[in-house]
Amino acid sequence: MITTRDLTKVYRSRGRDVTALDGVSLHVRPGEVYGVIGRSGAGKSTLVRCLNLLERPTSGTVTVDGRDLTALAGRGHRAGRPLRQARGGIGMIFQHFNLLSSRTAQGNVELPLEIQGLSRRERARKALELLDLVGLADRARAHPAQLSGGQKQRVGIARALAGDPKVLLSDEATSALDPETTRSVLRLLRDLNRQLGLTVLLITHEMDVVKAVCDSAALMENGRVTESGGVTELLATPGSRLAHELFPLGSAEPGPDRTVVDLTFHGEAAARPVISRLAREHGVDASIVNAAVERVGGRQVGRMRVELPGPAEKNAAPLAFLRDQGLTVELPGEGTR
Ligand SMILES: Nc1ncnc2c1ncn2[C@@H]1O[C@H](COP(=O)(O)OP(=O)(O)OP(=O)(O)O)[C@@H](O)[C@H]1O
Ligand SMILES: [Mg+2]
């Protein structure tokens, strides 16, 4: 649904070049929720602005739903009709909602419908339908000042859906909301993704957002994508930075008297019976240092840190046993394999 190839963006500011995007190639499949995570300044907002050509990339291509937007953009500064049409298939929501304070919730949702040239009646019908979809049917006449942050973002989402987009871009849409409201807005995005088959690309600096709703994710650092893939697959990839941030187990200090082992397991393949079998069959007493089980991308995933007595060289057999049980085995502080 969204493909970028070797996207770069160089800003020239005060005679100095800032490379905000440095060869970004992304591939977002239809109907998935894709998270882009990274620290401040990593280039996330630049990426979304390039995806709908609000910002013109310095080089590279952006294809959305089979259309090469970079080719449609041409050379001029103003967007021509083909680009405006293609943009209609892309909705966008923002951290600070960007609602017009002078208009009611309904009036805000009607704005893009006015631009589309719908009649007054049609606009009202569609706006009310969209407000109902986001759970705000009873607040249609409220002004933004009378709405909570979560409600404002729901209006923003309804407005973004006015053009019946196939793609929704979200730039930190939950960053200004409290954790509970964040969860409910994410749940709404997830529902819309399922109900409408909407492809959602969301930018965030919060791992919890990725955990809660994303099927796939990419990590951005200094304008580059350094890791990407399915969230559950990334979790099972030894040495994955995203996995480590999703499930922080703290720093490890292996030594001559102990081997520190991080285990990742999926589904109901709980690690506990494996640990007791390790004791029974290999005579190794593993102590559990830290563990967490969470739902990621709709699946149960767990990580556990255990310590085995003795150095890694002496633990080859128990480590092989753990791998044979289908667990991903990492030795933090000793390299990953
Ligand atoms: N219009 C601009 N002119 C010059 N430099 C810019 C411009 N916009 C962004 N940059 C620079 O590009 C880099 C990436 O910025 P961007 O806003 O994309 O980061 P971000 O990942 O969205 O950060 P945050 O999490 O803080 O929103 C930064 O170094 C920033 O200073
Ligand atoms: Mg940003």
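**Around the ligand**

The helix α1 gives the largest share of the shell around ligand 1, with 4 residues. Keep in mind that this is a predicted model.

Who sits around the ligand? The shell has 13 residues, and Ser40, Gly41, Lys44, Ser45 and Thr46 come nearest. By class, 4 of the shell residues are nonpolar, 6 are polar and 3 are charged.

Lys44 has a side-chain N or O atom 2.7 Å from an oxygen atom of ligand 1. For Ser45, the side-chain N or O atom is 2.9 Å from an oxygen of the ligand. In Thr46, a polar side-chain atom lies 2.6 Å from a ligand oxygen. How much of the ligand is covered? Ligand 1 taken alone exposes 640 Å², and the protein buries 62% of that.

Which elements give two or more residues to this shell? They are β1, residues 2-13, then β2, residues 16-28, and α1, residues 44-51. Let me take the helix, then the strands.

**The helix**

First, a reminder. An α-helix has 3.6 residues a turn, so residues three or four places apart point the same way.

Is α1 mostly covered or mostly open? Mostly covered: 6 of its 8 residues are buried. Those residues are Lys44, Thr46, Leu47, Val48, Cys50 and Leu51.

Look at Cys50. Why does Cys50 count as buried? Because its relative accessibility is 0%, and the cut-off for buried is under 20%. Cys214 is buried too, because its relative accessible area is 0%. How many disulfides does the structure hold? The count is 0.

What follows α1? Leu53 does, and its phi is positive, near 60°.

**The sheet**

Another reminder. Strands of a sheet pair through backbone hydrogen bonds, either parallel or antiparallel.

Here we have an open sheet of 4 strands. The order is β2-β1-β4-β5, and the pairing is antiparallel. Which strands stand at the edges? β2 and β5, residues 67-68. Each has a single partner strand, so one side of each is left without a neighbour in the sheet.

Now take β1. With β2, β1 pairs over 10 bridges, in the antiparallel sense. With β4, residues 59-64, β1 is joined by 5 bridges, again antiparallel.

Some partners to find on screen. Thr3 stands opposite His27 in β2. Ser13 has Arg16 in β2 as its bridge partner. On the β4 side, Thr4 is partnered by Val62.

Last, jump to Lys314. Lys314 is in the loop between β13, residues 299-309, and α12, residues 316-324. Is Lys314 buried or exposed? Exposed, because its relative accessible area is 69%, and the cut-off for exposed is over 50%.

How far is Lys314 from Phe247? The two are 67 residues apart in sequence. In space, C-alpha to C-alpha, they are 27 Å apart.

That is the tour. Thank you.

Key
Residues numbered from 1 in each chain as written. Chains lettered and ligands numbered in written order. Predicted model: local features only at pLDDT ≥ 70, side-chain atom pairs only at ≥ 80, totals over all residues. Heavy atoms only, no water. Near = heavy atom within 4 Å. Polar contact = N/O pair within 3.5 Å; in protein donor to acceptor, adjacent residues only side chain to side chain. Areas by Shrake-Rupley, 256 points an atom, 1.4 Å probe, with all protein chains shown as cover. Nonpolar A, V, L, I, M, F, W, Y, C, P; charged D, E, K, R; others polar. Buried < 20%, exposed > 50% of the residue type's maximum accessible area, 1.4 Å probe, protein only. Disulfide = S-S within 2.5 Å. Pairing = 2+ DSSP bridges.
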